[in-house]
Amino acid sequence: VLVLAGPGTGKTQVLTTRIANVLRQTDTDPSSILALTFTEAATREMRQRLIKLIGKDGYFVQVTTFHGFCADAIASNPERFSKPAGMQNVTDLEKIQIIKEILESGDYESIKPLNDPLYYSQAIISSISTLKREGFTIPRFRQIVSILKDEFEIQKDDLSKTAATEKQKQVNKNLELLDVYEKYQTKLSSLGRFDFDDMINWVTESFEKDSDFLLNYQEKFQYILVDEYQDTNSSQNRLIFALASFWGQQANIFAVGDPNQSIYRFQGASKENLVQFKNIFPSHTQINLEQNYRST
(Lines give C-alpha, C1' and ligand atoms only; values in the text may rest on other atoms or scores of the structure.)
Protein backbone atom coordinates (compact mmCIF):
# COMPACT_ATOMS: atom_id res chain seq x y z
CA VAL A 1 0.00 0.00 0.00
CA LEU A 2 1.25 3.49 -0.91
CA VAL A 3 -0.39 6.36 0.98
CA LEU A 4 0.17 9.83 -0.48
CA ALA A 5 -0.75 12.48 2.04
CA GLY A 6 -0.23 16.21 2.49
CA PRO A 7 0.59 18.06 5.72
CA GLY A 8 -1.91 17.62 8.54
CA THR A 9 -3.76 14.73 6.88
CA GLY A 10 -2.83 12.19 9.55
CA LYS A 11 0.13 10.28 8.03
CA THR A 12 1.54 9.09 11.35
CA GLN A 13 -1.94 8.39 12.70
CA VAL A 14 -2.78 6.19 9.68
CA LEU A 15 0.44 4.24 10.05
CA THR A 16 -0.02 3.79 13.81
CA THR A 17 -3.67 2.77 13.45
CA ARG A 18 -2.74 0.21 10.81
CA ILE A 19 -0.29 -1.42 13.23
CA ALA A 20 -2.98 -1.49 15.92
CA ASN A 21 -5.50 -3.08 13.55
CA VAL A 22 -3.00 -5.73 12.40
CA LEU A 23 -2.58 -6.75 16.04
CA ARG A 24 -6.31 -6.58 16.80
CA GLN A 25 -7.46 -8.51 13.74
CA THR A 26 -4.71 -11.11 13.36
CA ASP A 27 -2.59 -13.34 15.58
CA THR A 28 0.57 -11.48 14.53
CA ASP A 29 3.25 -11.20 17.19
CA PRO A 30 4.00 -7.49 17.92
CA SER A 31 7.74 -8.09 17.49
CA SER A 32 7.20 -9.22 13.88
CA ILE A 33 6.02 -5.73 12.85
CA LEU A 34 8.77 -3.35 11.71
CA ALA A 35 8.04 0.40 11.46
CA LEU A 36 10.84 2.53 10.03
CA THR A 37 11.08 6.30 10.30
CA PHE A 38 13.76 9.02 10.20
CA THR A 39 14.10 10.63 13.60
CA GLU A 40 14.16 9.49 17.21
CA ALA A 41 11.43 12.05 17.92
CA ALA A 42 9.13 10.43 15.32
CA THR A 43 9.94 7.01 16.78
CA ARG A 44 8.94 8.13 20.29
CA GLU A 45 5.74 9.76 19.06
CA MET A 46 4.70 6.68 17.11
CA ARG A 47 5.39 4.37 20.04
CA GLN A 48 3.44 6.59 22.46
CA ARG A 49 0.44 6.61 20.11
CA LEU A 50 0.65 2.83 19.78
CA ILE A 51 0.69 2.31 23.54
CA LYS A 52 -2.38 4.54 23.90
CA LEU A 53 -4.17 2.51 21.22
CA ILE A 54 -3.23 -1.06 22.14
CA GLY A 55 -1.56 -0.99 25.55
CA LYS A 56 1.64 -2.83 26.48
CA ASP A 57 1.90 -4.67 23.13
CA GLY A 58 3.00 -1.33 21.72
CA TYR A 59 6.33 -1.72 23.53
CA PHE A 60 7.17 -4.84 21.51
CA VAL A 61 6.51 -3.49 18.01
CA GLN A 62 9.85 -2.79 16.33
CA VAL A 63 9.56 0.99 15.86
CA THR A 64 12.98 2.37 14.92
CA THR A 65 14.95 4.64 12.64
CA PHE A 66 16.80 3.26 9.61
CA HIS A 67 20.11 3.82 11.36
CA GLY A 68 18.78 2.26 14.55
CA PHE A 69 17.68 -0.86 12.65
CA CYS A 70 21.09 -1.21 10.97
CA ALA A 71 23.00 -0.53 14.19
CA ASP A 72 21.02 -3.33 15.86
CA ALA A 73 21.66 -5.70 12.93
CA ILE A 74 25.40 -5.00 13.18
CA ALA A 75 25.46 -5.38 16.98
CA SER A 76 23.46 -8.64 16.77
CA ASN A 77 25.83 -10.16 14.20
CA PRO A 78 29.36 -9.21 15.32
CA GLU A 79 30.94 -12.14 13.47
CA ARG A 80 29.48 -10.87 10.20
CA PHE A 81 30.29 -7.21 10.73
CA SER A 82 33.82 -7.41 12.10
CA LYS A 83 34.66 -4.18 10.27
CA PRO A 84 32.72 -1.80 12.57
CA ALA A 85 33.45 -3.64 15.81
CA GLY A 86 34.47 -1.06 18.39
CA MET A 87 34.21 1.79 15.90
CA GLN A 88 32.74 5.19 16.74
CA ASN A 89 30.80 7.61 14.58
CA VAL A 90 33.07 10.17 12.89
CA THR A 91 32.53 13.79 13.95
CA ASP A 92 32.16 16.72 11.54
CA LEU A 93 35.50 18.11 12.71
CA GLU A 94 37.22 14.78 12.05
CA LYS A 95 35.75 14.70 8.54
CA ILE A 96 37.24 18.13 7.80
CA GLN A 97 40.62 17.10 9.23
CA ILE A 98 40.71 13.89 7.18
CA ILE A 99 39.81 15.63 3.91
CA LYS A 100 42.37 18.38 4.68
CA GLU A 101 45.12 15.78 5.13
CA ILE A 102 44.17 13.97 1.92
CA LEU A 103 44.12 17.15 -0.15
CA GLU A 104 47.37 18.50 1.29
CA SER A 105 49.24 15.25 0.67
CA GLY A 106 47.70 14.45 -2.74
CA ASP A 107 48.49 15.68 -6.23
CA TYR A 108 45.11 16.88 -7.51
CA GLU A 109 44.49 19.32 -10.33
CA SER A 110 40.68 19.64 -10.55
CA ILE A 111 39.64 19.69 -6.88
CA LYS A 112 42.68 21.47 -5.41
CA PRO A 113 43.02 25.05 -6.71
CA LEU A 114 46.56 26.45 -6.43
CA ASN A 115 45.47 29.66 -4.70
CA ASP A 116 43.20 27.86 -2.19
CA PRO A 117 43.97 24.10 -1.91
CA LEU A 118 41.14 23.47 0.58
CA TYR A 119 38.48 25.39 -1.36
CA TYR A 120 36.48 22.26 -2.25
CA SER A 121 36.72 20.59 1.20
CA GLN A 122 33.06 21.03 2.15
CA ALA A 123 31.89 20.14 -1.36
CA ILE A 124 33.94 16.91 -1.22
CA ILE A 125 32.50 15.98 2.19
CA SER A 126 28.99 16.67 0.88
CA SER A 127 29.62 14.66 -2.30
CA ILE A 128 30.91 11.63 -0.38
CA SER A 129 27.90 11.81 1.93
CA THR A 130 25.56 11.96 -1.08
CA LEU A 131 27.30 8.99 -2.73
CA LYS A 132 26.86 6.93 0.44
CA ARG A 133 23.21 7.93 0.91
CA GLU A 134 22.48 6.95 -2.69
CA GLY A 135 24.16 3.56 -2.21
CA PHE A 136 27.28 4.31 -4.27
CA THR A 137 29.94 2.35 -2.42
CA ILE A 138 33.50 2.67 -3.73
CA PRO A 139 33.20 -0.31 -6.17
CA ARG A 140 29.91 1.05 -7.55
CA PHE A 141 31.23 4.58 -7.89
CA ARG A 142 34.43 3.30 -9.53
CA GLN A 143 32.28 1.52 -12.10
CA ILE A 144 30.28 4.71 -12.82
CA VAL A 145 33.45 6.81 -13.19
CA SER A 146 34.93 4.20 -15.53
CA ILE A 147 31.81 4.37 -17.72
CA LEU A 148 31.95 8.17 -17.70
CA LYS A 149 35.60 8.07 -18.79
CA ASP A 150 34.95 5.52 -21.56
CA GLU A 151 31.99 7.53 -22.87
CA PHE A 152 34.18 10.63 -23.10
CA GLU A 153 36.87 8.77 -25.03
CA ILE A 154 34.26 7.64 -27.55
CA GLN A 155 32.57 11.04 -27.88
CA LYS A 156 35.45 13.52 -27.62
CA ASP A 157 36.27 13.70 -31.34
CA ASP A 158 32.66 14.63 -32.11
CA LEU A 159 32.43 17.34 -29.45
CA SER A 160 33.23 21.01 -29.87
CA LYS A 161 36.43 22.21 -28.22
CA THR A 162 34.47 23.90 -25.41
CA ALA A 163 32.22 20.88 -24.80
CA ALA A 164 35.21 18.52 -24.86
CA THR A 165 37.06 20.68 -22.32
CA GLU A 166 34.06 20.75 -19.97
CA LYS A 167 33.54 17.01 -20.31
CA GLN A 168 37.23 16.39 -19.60
CA LYS A 169 36.98 18.52 -16.44
CA GLN A 170 33.96 16.51 -15.30
CA VAL A 171 35.79 13.22 -15.85
CA ASN A 172 38.90 14.47 -14.04
CA LYS A 173 36.89 15.78 -11.07
CA ASN A 174 35.14 12.44 -10.65
CA LEU A 175 38.39 10.50 -10.98
CA GLU A 176 39.94 12.65 -8.26
CA LEU A 177 36.81 12.42 -6.09
CA LEU A 178 36.99 8.63 -6.38
CA ASP A 179 40.60 8.71 -5.19
CA VAL A 180 39.70 10.96 -2.23
CA TYR A 181 36.68 8.74 -1.41
CA GLU A 182 38.91 5.64 -1.28
CA LYS A 183 41.53 7.36 0.90
CA TYR A 184 38.80 8.80 3.14
CA GLN A 185 37.34 5.34 3.81
CA THR A 186 40.79 3.90 4.47
CA LYS A 187 41.53 6.71 6.94
CA LEU A 188 38.19 6.23 8.71
CA SER A 189 38.96 2.55 9.19
CA SER A 190 42.47 3.23 10.52
CA LEU A 191 41.04 5.73 13.03
CA GLY A 192 38.28 3.37 14.13
CA ARG A 193 35.56 5.64 12.74
CA PHE A 194 32.55 5.25 10.44
CA ASP A 195 29.81 7.39 8.91
CA PHE A 196 26.18 6.73 9.84
CA ASP A 197 25.54 6.20 6.13
CA ASP A 198 28.13 3.39 6.11
CA MET A 199 25.93 1.30 8.41
CA ILE A 200 23.00 1.19 6.01
CA ASN A 201 25.24 0.20 3.10
CA TRP A 202 26.99 -2.50 5.16
CA VAL A 203 23.69 -4.12 6.16
CA THR A 204 22.09 -3.75 2.72
CA GLU A 205 25.12 -5.27 0.97
CA SER A 206 25.11 -8.18 3.43
CA PHE A 207 21.41 -8.77 2.71
CA GLU A 208 22.01 -8.71 -1.04
CA LYS A 209 25.04 -11.01 -0.89
CA ASP A 210 23.79 -13.58 1.65
CA SER A 211 20.26 -14.90 1.11
CA ASP A 212 20.34 -16.93 4.35
CA PHE A 213 21.19 -13.86 6.42
CA LEU A 214 18.42 -11.91 4.70
CA LEU A 215 15.97 -14.77 5.21
CA ASN A 216 16.42 -14.54 8.99
CA TYR A 217 15.10 -10.97 8.89
CA GLN A 218 12.43 -11.71 6.30
CA GLU A 219 11.05 -14.46 8.54
CA LYS A 220 11.23 -12.19 11.58
CA PHE A 221 9.29 -9.27 10.08
CA GLN A 222 5.91 -10.08 8.52
CA TYR A 223 4.76 -6.46 8.22
CA ILE A 224 6.95 -3.54 7.12
CA LEU A 225 5.77 0.06 7.47
CA VAL A 226 7.70 3.16 6.37
CA ASP A 227 6.93 6.70 7.52
CA GLU A 228 8.01 9.84 5.61
CA TYR A 229 8.66 7.68 2.56
CA GLN A 230 9.42 10.72 0.38
CA ASP A 231 12.70 11.16 2.30
CA THR A 232 14.08 7.66 1.82
CA ASN A 233 17.25 7.56 -0.23
CA SER A 234 18.51 4.85 -2.56
CA SER A 235 20.40 2.86 0.09
CA GLN A 236 17.37 2.93 2.42
CA ASN A 237 15.10 1.89 -0.43
CA ARG A 238 17.39 -1.04 -1.22
CA LEU A 239 17.14 -2.07 2.43
CA ILE A 240 13.32 -1.89 2.40
CA PHE A 241 12.97 -3.79 -0.87
CA ALA A 242 15.41 -6.48 0.29
CA LEU A 243 13.36 -7.07 3.45
CA ALA A 244 10.14 -7.24 1.41
CA SER A 245 11.54 -9.29 -1.49
CA PHE A 246 10.70 -12.76 -0.10
CA TRP A 247 6.95 -12.25 -0.60
CA GLY A 248 7.24 -10.44 -3.93
CA GLN A 249 3.95 -8.82 -4.94
CA GLN A 250 2.28 -10.16 -1.79
CA ALA A 251 4.66 -8.31 0.52
CA ASN A 252 3.04 -6.59 3.50
CA ILE A 253 4.73 -3.26 2.88
CA PHE A 254 2.94 -0.03 3.77
CA ALA A 255 4.59 3.28 2.85
CA VAL A 256 3.30 6.74 3.80
CA GLY A 257 4.67 9.96 2.37
CA ASP A 258 4.11 13.40 0.91
CA PRO A 259 5.68 13.79 -2.55
CA ASN A 260 5.71 17.59 -2.14
CA GLN A 261 7.41 17.66 1.26
CA SER A 262 10.89 16.21 0.84
CA ILE A 263 13.27 17.41 3.57
CA TYR A 264 16.33 15.17 3.43
CA ARG A 265 16.51 14.56 -0.32
CA PHE A 266 17.24 16.71 -3.33
CA GLN A 267 14.27 18.63 -4.63
CA GLY A 268 12.18 16.32 -6.82
CA ALA A 269 14.03 13.16 -5.77
CA SER A 270 10.98 11.99 -3.81
CA LYS A 271 9.25 11.38 -7.15
CA GLU A 272 11.93 8.78 -7.93
CA ASN A 273 11.02 6.88 -4.76
CA LEU A 274 7.34 6.78 -5.67
CA VAL A 275 8.06 5.63 -9.23
CA GLN A 276 10.40 2.93 -7.94
CA PHE A 277 7.80 1.71 -5.45
CA LYS A 278 5.14 1.55 -8.18
CA ASN A 279 7.50 -0.32 -10.53
CA ILE A 280 8.49 -2.93 -7.94
CA PHE A 281 4.92 -3.39 -6.69
CA PRO A 282 2.75 -2.75 -9.79
CA SER A 283 -0.34 -4.25 -8.14
CA HIS A 284 -0.12 -1.98 -5.10
CA THR A 285 -3.04 0.00 -3.72
CA GLN A 286 -2.62 3.79 -3.71
CA ILE A 287 -4.57 5.88 -1.21
CA ASN A 288 -4.64 9.69 -1.27
CA LEU A 289 -5.30 11.61 1.95
CA GLU A 290 -6.36 15.17 1.14
CA GLN A 291 -8.20 16.55 4.19
CA ASN A 292 -6.01 18.69 6.44
CA TYR A 293 -6.97 18.24 10.11
CA ARG A 294 -4.19 20.42 11.48
CA SER A 295 -5.11 23.80 9.97
CA THR A 296 -8.02 25.38 8.18
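Here are a few friendly notes on the salt bridges in this predicted model, with a word on confidence.

1. **Confidence.** The model is predicted, and the protein has a mean pLDDT of 89. Of its residues, 96% reach 70 or more. Strand S6 (residues 223–226) has the highest confidence, at 96, while helix H11 (residues 269–280) has the lowest, at a mean of 79.

2. **The overall tally.** How many salt bridges does a search of the whole structure find? The search finds 13. The points below look at some of them, with the general idea that side chains of opposite charge can pair when their charged atoms come close.

3. **A pair within one helix.** Glu 45 and Arg 49 form a salt bridge, with 2.5 Å between the closest N and O atoms. Both belong to helix H2 (residues 40–54), and because they are 4 residues apart there, about one helical turn separates them. Glu 45 is partly exposed, at a relative accessible area of 34%; Arg 49 is partly exposed too, at 26%.

4. **Asp 195 and Lys 95.** Here the salt bridge has an N to O distance of 3.9 Å. That value falls within the 4 Å cut-off used for a salt bridge. The two residues come from distant parts of the chain, 100 residues apart: Asp 195 sits in the loop between strand S5 (193–194) and helix H8 (196–209), and Lys 95 in helix H4 (residues 92–105).

5. **Asp 195 and Lys 132.** Asp 195 also forms a salt bridge with Lys 132, and the closest N and O atoms are 2.6 Å apart. Lys 132 lies in helix H5 (residues 121–133) and Asp 195 in the loop between S5 and H8, so this pair ties together parts that are 63 residues apart in sequence. Lys 132 counts as buried, with a relative accessibility of 0%.

6. **Putting the pieces together.** Which residues are linked in a network of salt bridges? Lys 95, Lys 132, Asp 195 and Asp 198 are.

Methods
Residues are numbered from 1 along each chain as its sequence is written. This is a predicted model: local features need pLDDT of at least 70, side-chain atom pairs count only at pLDDT 80 or more; totals for chains, interfaces and linings use all residues. Side-chain values use heavy atoms; hydrogens and water are left out. A salt bridge is a side-chain nitrogen of Lys or Arg within 4 Å of a carboxyl oxygen of Asp or Glu. Buried means under 20% relative accessible area, exposed over 50%, partly exposed in between (1.4 Å probe, protein chains only). pLDDT is the predictor's confidence in each residue, from 0 to 100.
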